[in-house]
Amino acid sequence: MNEMTVRSDESDTMNRLIRQQIQVRYDYPVVFTRDVFSLENNTLPEILLGIFGDHPSPAAALYIDKALVGGHPGLELRATAFLRQKLPRLQVAFTRTLAGGERLKSSPLIVDQLIDEMAAARLDRHSAVLVVGGGAVLDTVGYAASLVHRGLKVIRLPTTVLSQNDGGVGVKTAVNHAAGKNFLGTFAPPAAVINDFNFLRSLPDHEWRAGIAEAFKVALIKDAAFFDWLCDAACSLRNREEAAMEQLVFRCAELHLQHIRESGDPFETGTARPLDFGHWLAHELELMSGYQLGHGAAVAIGIAVDSLYAESLALISSDTADRLLRGLMQSGFELWHEALEHVEADGSPVVLAGLEKFREHLGGKLCITLPSGPGRRVEVNEIGKKQMAGAIQRLRERVAALDC
Ligand SMILES: NC(=O)c1ccc[n+]([C@@H]2O[C@H](COP(=O)([O-])OP(=O)(O)OC[C@H]3O[C@@H](n4cnc5c(N)ncnc54)[C@H](O)[C@@H]3O)[C@@H](O)[C@H]2O)c1
Ligand SMILES: [Zn+2]
């Protein structure tokens with residue numbers, strides 16, 4: 001029924017139709033800066049003033065990832081003093097540190113606790129929630145804040161490479177549930193994102209590396225020139241050269257944002273999920289390792305396996321596959337995990353169960369993104385399990401053969 005059926009008898013509501021269409025516009029800045037809480041830096045005050053307008057007594061809450069406390073001594077005090085000095089009208093309702101990482105997202109009580117404290121502080125829809133931390137803290141606080149009054153204004157300050165170049169700039173939040181990772185979540189675009197590169201300095205090497213895998217992921221399927229650059233920059237990235245990492249974060253965030261803006265499906269109602277390239281296997285490996293294997297390390301293996309599968313379908317050349325494997329290894333990734341050796345009674349790798357879970361997650365129809373040359377991709381709706389098992393097998397041989 002495309003048109004409203006107009007009936008002569010206006011009191012008869014049967015078979016009448018009102019077609020409701022709403023267009024909602026989101027507009028949020030993603031700013032790249034350094035030392036966001038130094039008095040010379042006006043990024044945050046300008047964003048807050050834009051949010052609060054002429055509100056007479058605006059309020060904000062501040063959440064900080066506990067891991068930052070060691071590497072950035074006095075951060076909490078510095079941040080609150082900064083806010084008081086720059087925005088004397090602002091009432092900082094509370095500050096709270098949270099132990100980050102995946103355990104936070106899996107803690108069954110945390111969301112209720114966060115909601116309770118936001119309620120006790122009487123935060124309203126004009127209040128701001130500032131979240132400084134890795135993807136897990138951003139996701140957990142962001143999820144809770146998106147439920148309070150149907151959504152508080154969240155300003156994200158991501159502090160890991162992965163959250164600065166991927167999840168932290170996007171439109172989603174999620175926490176884990178017994179039913180699975182990210183099982184509960186919301187689409188809740190932030191009010192603003194501030195990527196402060198100085199936070200990255202305190203990351204341990206494996207966290208510094210984690211976001212590099214997401215960069216290879218997006219480059220291989222979307223941007224050939226970025227892929228070339230990454231392959232060349234791999235050793236500099238591994239050696240923690242800040243200029244190289246800042247370029248990586250910027251380009252990767254830019255591609256991520258462009259995808260959300262231009263894909264026509266920002267809230268993922270369809271089944272194509274290009275940014276989930278390599279993730280069906282990554283998520284399963286994370287789970288099988290009891291989350292001992294981090295997300296970035298798992299994504300590196302996931303995109304390596306899917307690329308060898310794509311190679312077996314002649315979608316990418318052996319040269320491209322080798323460049324990816326070498327680039328990942330030179331960035332410091334181990335492209336093997338013992339969980340890949342676990343097999344079912346019929347000899348097939350246990351990790352293939354991830355395909356079925358990914359199909360369920362998409363809502364019924366499997367849709368896997370594969371690379372089809374640097375900077376290009378295809379979606380496939382079927383995966384040959386024997387061929388995929390072969391790709392896993394070949395990964396080990398190819399990695400051993402590469403001279404890195
Ligand atoms: N919402 C989304 O769209 C989206 C997208 C991608 C990933 N994610 C989620 O993000 C999470 C991963 O995020 P992550 O990679 O940032 O990991 P993380 O948040 O688990 O952080 C990793 C570790 O680093 C610590 N840390 C954070 N910043 C630090 C710093 N500057 N110095 C030292 N230590 C620091 C954390 O406390 C934690 O222990 C996953 O749960 C994933 O599901 C969400
Ligand atoms: Zn990812």
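This is a predicted model: local features need pLDDT of at least 70, side-chain atom pairs count only at pLDDT 80 or more; totals for chains, interfaces and linings use all residues.
Residues are numbered from 1 along each chain as its sequence is written, chains are lettered from A and ligands numbered from 1 in the order in which they are written, and side-chain values use heavy atoms, leaving out hydrogens and water.

View 1. Helices here are DSSP runs of H or I with at least four residues, strands are E runs of at least two, and both are numbered from the N terminus. Gln 164 is buried, at 0% relative accessible area; buried means under 20%, exposed over 50%, and partly exposed in between, using a 1.4 Å probe and protein chains only. Asn 165 is buried too, with a relative accessible area of 0%. A polar atom of the Asn 165 side chain lies 3.1 Å from the backbone oxygen of Gly 211. Gln 164 and Val 249 are 85 residues apart along the chain, yet 6.5 Å separates their C-alpha atoms.

**View 2. Polar atoms around ligand 1.** A polar side-chain atom of Glu 102 is 2.7 Å from an oxygen atom of the ligand. For Asp 139, a polar side-chain atom lies 2.8 Å from a ligand nitrogen. Phe 199 takes part through its backbone, with a polar atom there 2.8 Å from a nitrogen atom of ligand 1. Taken alone, ligand 1 exposes 850 Å², and the protein buries 86% of that (areas by the Shrake-Rupley method with a 1.4 Å probe).

**View 3. The shell around ligand 1.** Of the 24 residues around the ligand, Asp 65, Glu 102, Gly 135, Thr 160 and Ser 202 come nearest; to be near, a residue needs a heavy atom within 4 Å. By class, the shell has 6 nonpolar, 10 polar and 8 charged residues, with Asp, Glu, Lys and Arg as charged, Ala, Val, Leu, Ile, Met, Phe, Trp, Tyr, Cys and Pro as nonpolar, and the others, Gly among them, as polar. Helix H6 gives the most to this shell, with 3 residues.

**View 4. A nonpolar surface patch.** Tyr 26 lies in the segment before strand S1 (30-33). Tyr 26 counts as partly exposed because its relative accessibility is 47%.

Key:
Patches are made of residues with over 30% relative accessible area and no salt bridge: like charges are joined within 9 Å, nonpolar side chains (Val, Leu, Ile, Met, Phe, Trp, Tyr) within 5 Å. A salt bridge is a side-chain nitrogen of Lys or Arg within 4 Å of a carboxyl oxygen of Asp or Glu. A polar contact is a pair of N or O atoms within 3.5 Å; within protein, one must be able to donate a hydrogen and the other to accept it, and residues adjacent in sequence count only if both atoms are side-chain atoms.
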